[in-house]
Amino acid sequence: MADKELRKMNRTELIEIIYTLKQNDTLLRKENDELKDQLEDKTIRIDNAGSIAEAALSLNRVFEDAENASKQYLESAKSEADRIIEDAKAQAAGILSDTEQRIINVLKKYPELAEYLDREQKGAADERQE
């Protein structure tokens, strides 16, 4: 409104305009506060979504590291187990070889024992055939 129009109005009309403007101001402030709250809520949701995504990425890294560590451990354990098995086989072969040599030495020293064992072995073979 122009200044001239306002000057021509009486006190009641001016009060009504002020009252209407005040009501509009109150409504606009209320709407502004609601919009600010909505914006803040959306901002929080976006921040939380970002935080959740970051947390998920961190967890993925933790799980990947744990998986890699477990693979390394399993490979190491398998290597160690393979080494132990090979050592055991070598020891067993050595024990067998040593035992065979001792048996040969005993049989050379006691030929009658060798003959007795040959007879026993033939007798057992004959019984199996019957």
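Glu31 is partly exposed, at a relative accessible area of 43%, where buried means under 20% relative accessible area, exposed means over 50%, and partly exposed covers the values in between, with a 1.4 Å probe and protein chains only. The model is a predicted one, in which local features need pLDDT of at least 70 and side-chain atom pairs count only at pLDDT 80 or more, while totals for chains, interfaces and linings use all residues. Residues are numbered from 1 along each chain as its sequence is written, and side-chain values use heavy atoms, with hydrogens and water left out.

Glu31 is found in helix H2, which covers residues 11-109; helices are DSSP runs of H or I with at least four residues, strands are runs of E with at least two, and both are numbered from the N terminus. Together with Asp33, Glu34, Asp37 and Glu40, Glu31 forms a negative surface patch. Patches are made of residues with over 30% relative accessible area and no salt bridge, like charges being joined within 9 Å and nonpolar side chains (Val, Leu, Ile, Met, Phe, Trp, Tyr) within 5 Å.

## Overall form

The protein holds three helices and zero strands, and from the N terminus on its elements run α-α-α. Its radius of gyration is 50 Å, well over the 14 Å that the globule rule gives for 130 residues, so the protein is more spread out than a compact globule. This radius is taken over C-alpha atoms, and the globule rule is 2.2 Å times the number of residues to the power 0.38. Along the principal axes, the C-alpha trace spans about 150 × 35 × 15 Å.

Of the 130 residues, 0% count as buried. The protein exposes about 12300 Å², of which carbon and sulfur atoms supply 56%; accessible areas come from the Shrake-Rupley method with a 1.4 Å probe, and for residues only the protein chains shown count as cover.

Two residue pairs give distances within this form.

## Charges and salt bridges

The protein carries 21 positive and 30 negative charges, whose mean positions are 8 Å apart. In this count Lys and Arg are positive and Asp and Glu negative, while His and the chain ends are not counted; the place of a charge is taken as NZ of Lys, CZ of Arg, CG of Asp or CD of Glu.

Side chains of opposite charge can pair when their charged atoms come close. The structure holds six salt bridges, a salt bridge being a side-chain nitrogen of Lys or Arg within 4 Å of a carboxyl oxygen of Asp or Glu. One of them joins the side chains of Lys78 and Asp82, at 3.2 Å from N to O; both residues lie in helix H2, four residues apart, or about one turn of the helix. Lys78 is exposed, with a relative accessible area of 52%, whereas Asp82, at 36%, counts as partly exposed.

The side chains of Arg83 and Asp87 meet in another salt bridge, at 2.7 Å from N to O, and because these residues are four apart in helix H2, about one helical turn separates them. Arg83 counts as partly exposed at 41% relative accessibility, and Asp87 is partly exposed at 38%. Both belong to a network of salt bridges that also links Glu80.

Arg102 is exposed, with a relative accessible area of 56%, while Asp98 is partly exposed at 38%.

## The nonpolar patch

Val106, Tyr110, Leu113, Tyr116 and Leu117 make a nonpolar surface patch of about 430 Å². Helix H3 gives the most to this patch, with three residues. Leu117, which lies in helix H3, is partly exposed, with a relative accessible area of 42%.
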